[in-house]
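Please read the points below with the structure open beside you. They begin with how the parts of the chain meet and then turn to single side chains.

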Amino acid sequence: MRLAPLAAFVLGAVVGSFLNVVITRLPRRESLVTPASRCPTCGVPIRWSDNVPLLSYLWLKGRCRACRSPIGWRYPAVEGLTGVLFALSVAHFGVTPALLPALLFLSALVATTAIDLEHQLIPDRITLPGVAVGILASLVSPRLSWLDSLLGVVTGGGLFFLVILASRGGMGGGDMKLAAMMGAFLGWKLTLVALFVGVFSGGVVAVALLVSGRRGRKDPVPFGPFLALGAGLSLFWGDWLLRWYLAGFR
Ligand SMILES: [Zn+2]
């Protein structure tokens, strides 16, 4: 494996470790800085040497050193996923001005996905700054003009606004702001690709859960993770998907 993607994986795992703090504390409105990480079961502070991304989970065999209670698999999953996404970003974009916005965007997507799965909410404190960062990033991006970024915000946020009006609250405002953030980072065309992938994959999973009897008709299925999946796929392969799709109509 080449050095840059490997280094990016390690950086991603470290960022993922911080995202775990965000995912645990942000929905509870706790400080992201203090206190240091503690075991959620026994409250014993976690030593720095037991806080190494991915590796600590392995050598502690997924248990707290003090009380032996299991550590959630979400912790290594977020660290590993963020590492893979960072490595993929470096391999895809190279070390270019497009890289940093991609890393910030993917980090925001990982955090919103985990928080939506655990709490059924998408925090404004991630998506609203995300809209601003996405627009600012477009000013220096070689891939995306500021106008395209603004049109993306209007496309993503606007379509969800219409859905919210039509469904009279069936869809949450959190999803709308997530879609607006996606628009700021992706531009309007790739946002449409992302929304299409999100609606399609979310629909398939919702039907599968319904048919298998694991969820009732009234149980909400969080939509944010599917939007984030669409956004991630669109960030890397949206142009390709769009060309492939449009070619079918010639
Ligand atoms: Zn413990």
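1. About 1,800 Å² is buried between domain 1 and domain 2, and carbon and sulfur atoms give 78% of that area; buried area here is the accessible area, taken with a 1.4 Å probe, that two parts lose on being put together, summed over both. In domain 1, the residues that lose the most area to domain 2 are I23, L26 and F93, which together make up 31% of what that side buries.

2. This is a predicted model, in which local features need pLDDT of at least 70 and side-chain atom pairs count only at pLDDT 80 or more, while totals for chains, interfaces and linings use all residues. Residues are numbered from 1 along each chain as its sequence is written, and side-chain values use heavy atoms, with hydrogens and water left out.

3. The chain is divided into domain 1 (1-95) and domain 2 (97-250), with bounds that come from an automatic or database domain assignment. Taken over C-alpha atoms, the centres of the two domains are separated by 24 Å. The contact (heavy atoms within 4.5 Å) takes 20 residues from domain 1 and 19 residues from domain 2.

4. How many salt bridges does the rule find across the interface of domain 1 and domain 2? There is one, where a salt bridge is a side-chain nitrogen of Lys or Arg within 4 Å of a carboxyl oxygen of Asp or Glu. R74 forms a salt bridge with E118, their closest N and O atoms being 2.6 Å apart.

5. Aromatic rings of Phe, Tyr and Trp (its six-membered ring) pair if their centres lie within 6.5 Å, and planes under 30 degrees apart count as stacked, over 60 as edge-to-face and the rest as tilted. By this rule there are six aromatic pairs. One of them is the stacked pair of F196 and F200, at 6.3 Å centre to centre and with 10 degrees between the planes. Because F196 and F200 are four residues apart in helix α7 (residues 173-211), about one helical turn separates them; helices are DSSP runs (H or I, at least four residues), numbered from the N terminus.

6. F196 also pairs with Y245, and since the ring centres are 6.2 Å apart and the planes stand at 45 degrees, this pair is tilted. F196 lies in helix α7 and Y245 in helix α8 (residues 224-247), so the pair ties together parts that are 49 residues apart in sequence. F196 counts as exposed because its relative accessibility is 53%, whereas Y245, at 44%, counts as partly exposed; buried means under 20% relative accessible area, exposed over 50%, and partly exposed in between (1.4 Å probe, protein chains only).

How values were computed:
Helices (H or I, at least four residues) and strands (E, at least two) are DSSP runs, numbered from the N terminus.
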